[in-house]
Amino acid sequence: MGIRKYEVKPDYVTAPGETLKETLANMDYTQVQLAERLDISYKHLSNIINGKAVITSELALKLDYILDIPSSFWNSLEKNYQEYIEEKKQEELLDGQVEWVSHFPYNELVKLGYVPKIRDAKEKVKQLLKFFGYSSFEIMKKNMDSDELLAGAFRLSVNQGEVNKYALKTWVQIGDNEIRKIDTKDFSKETALKSIEELRSLTLVTDPSIFIPRLKEVASSFGVAVVLVPEIKGSKVCGLTRWLSPYPKAAIQLSLRYKQNDHLWFTFFHELSHILFHNKKPFYTFVKAYKESEEEIFSDKWAADTLIPPQKLSVFLRKGTFTYESVRVFADNIGIHPGIVVGRLQKEKVIGFDKLNSLKVRYKWNE
């Protein structure tokens, strides 16, 4: 039978002062005598023995001369003791942080591979703090409250129902982690506009393993990092556009919330519009389109018209025939996937949301 190995950590270490006190007793030295030979005050030595002051490397060298005990011994003793004290403090701090764990979607992060699957609550605290890059949740909460990126999201989402700010923060953080892995050129509006037709043509590719790498490659060539991050329950977000440091670089983060190609590509071009034409500030797309700003209205129209030219759509609508075959022919003529045409017809209420859906492509996240 095998024996499982566990890391064993002692629940105590010997304080350097205690060891020094025992050493003096064994060598018939008084504390007064040692203080004189160390050239320090009796009070300072008393503080060392009582754990109120540390044995510095200078004092460790002097103790080597006086007591004939290597300085490395005293340095190691002090180091181990201070680490033990700090670990105890951290354990106490972690105890006070455990209640925060319930705010965050730990199990979802486990499924996505960002944190390990564990049961111990304090260990979950450690893993979450490492994931977000904070030393405490109080500091993180304070940062979230003053974060313009998140504050803007909460303002925009008022009419969408309650957005879980911790879920949204988690989704954004995953995006940040993935964005760091992408190298992009400096942003070029000219190059981006020249890339529109190639980006449109990617809608014809239905295999994500093919079109997603190419989408990222094309976008990075004009200074935009594209990342797809599964929606975190409660975040209710479809997309996010933000500018990066060092400027000029930007990012588009997509959740693939509706898992259909018409929504995916509309959201992408909507977010791209913000980067191309609007002030360098973050923009969110939530469950329901936010229509109260000119920027959102503009981006909706630009995305729709870029995917399906309005003049050609008008001609198609006037014909009044919307069958599987007519949609396929029209989509082929304008060089776009028919599922996107179906989505537009449904959006314009030309056909019902239950019509022609088999022309759309549906995706799912790999588990």
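Two strands are said to pair if DSSP finds at least two bridges between them. In this predicted model, strands that pair in this sense form an open sheet of four, arranged in the order β1-β3-β2-β4 and with mixed pairing. The points below describe that sheet, the helix lying across its strands, and a pair of helices elsewhere in the numbering.

**The sheet**

- Strands of a sheet pair through backbone hydrogen bonds, either parallel or antiparallel.
- The edges are formed by β1 (224–228) and β4 (283–286), each of which pairs on one side only, and the twist from one strand to the next averages 10°.
- Strand β2, which covers residues 237–244, is joined to β4 in the antiparallel sense over four bridges, and Leu240 stands opposite Tyr284 in β4.

**The helix across the sheet**

- Helix α10, made of residues 165–179, lies across β1, β2, β3 (249–254) and β4, and runs at about 50° to β2.

**The helix pair α4 and α5**

- Two packed helices are described by the angle between their axes and the distance between the axes.
- For helix α4 (residues 57–67) and helix α5 (residues 71–97), the axes come within 8 Å and cross at roughly 140°, which makes α4 oblique to α5, because only angles over 145 degrees count as roughly antiparallel.
- The crossing of α4 and α5 is right-handed, and the contact is made by Ser57, Ala60, Leu61, Leu63, Asp64 and Leu67 on the α4 side and by Ser71, Trp74 and Asn75 on the α5 side.

Terms used
Residues are numbered from 1 along each chain as its sequence is written. This is a predicted model: local features need pLDDT of at least 70, side-chain atom pairs count only at pLDDT 80 or more; totals for chains, interfaces and linings use all residues. Side-chain values use heavy atoms; hydrogens and water are left out. Axes are lines fitted to C-alpha atoms, for helices over the stretch in contact, and angles run from 0 to 180 degrees between N-to-C directions. Helices (H or I, at least four residues) and strands (E, at least two) are DSSP runs, numbered from the N terminus. Angles under 35 degrees count as roughly parallel, over 145 as roughly antiparallel, 65 to 115 as roughly perpendicular and the rest as oblique. A crossing is left-handed if the near helix is turned anticlockwise from the far one by less than a right angle, and right-handed if clockwise. Contact means heavy atoms within 4.5 Å.
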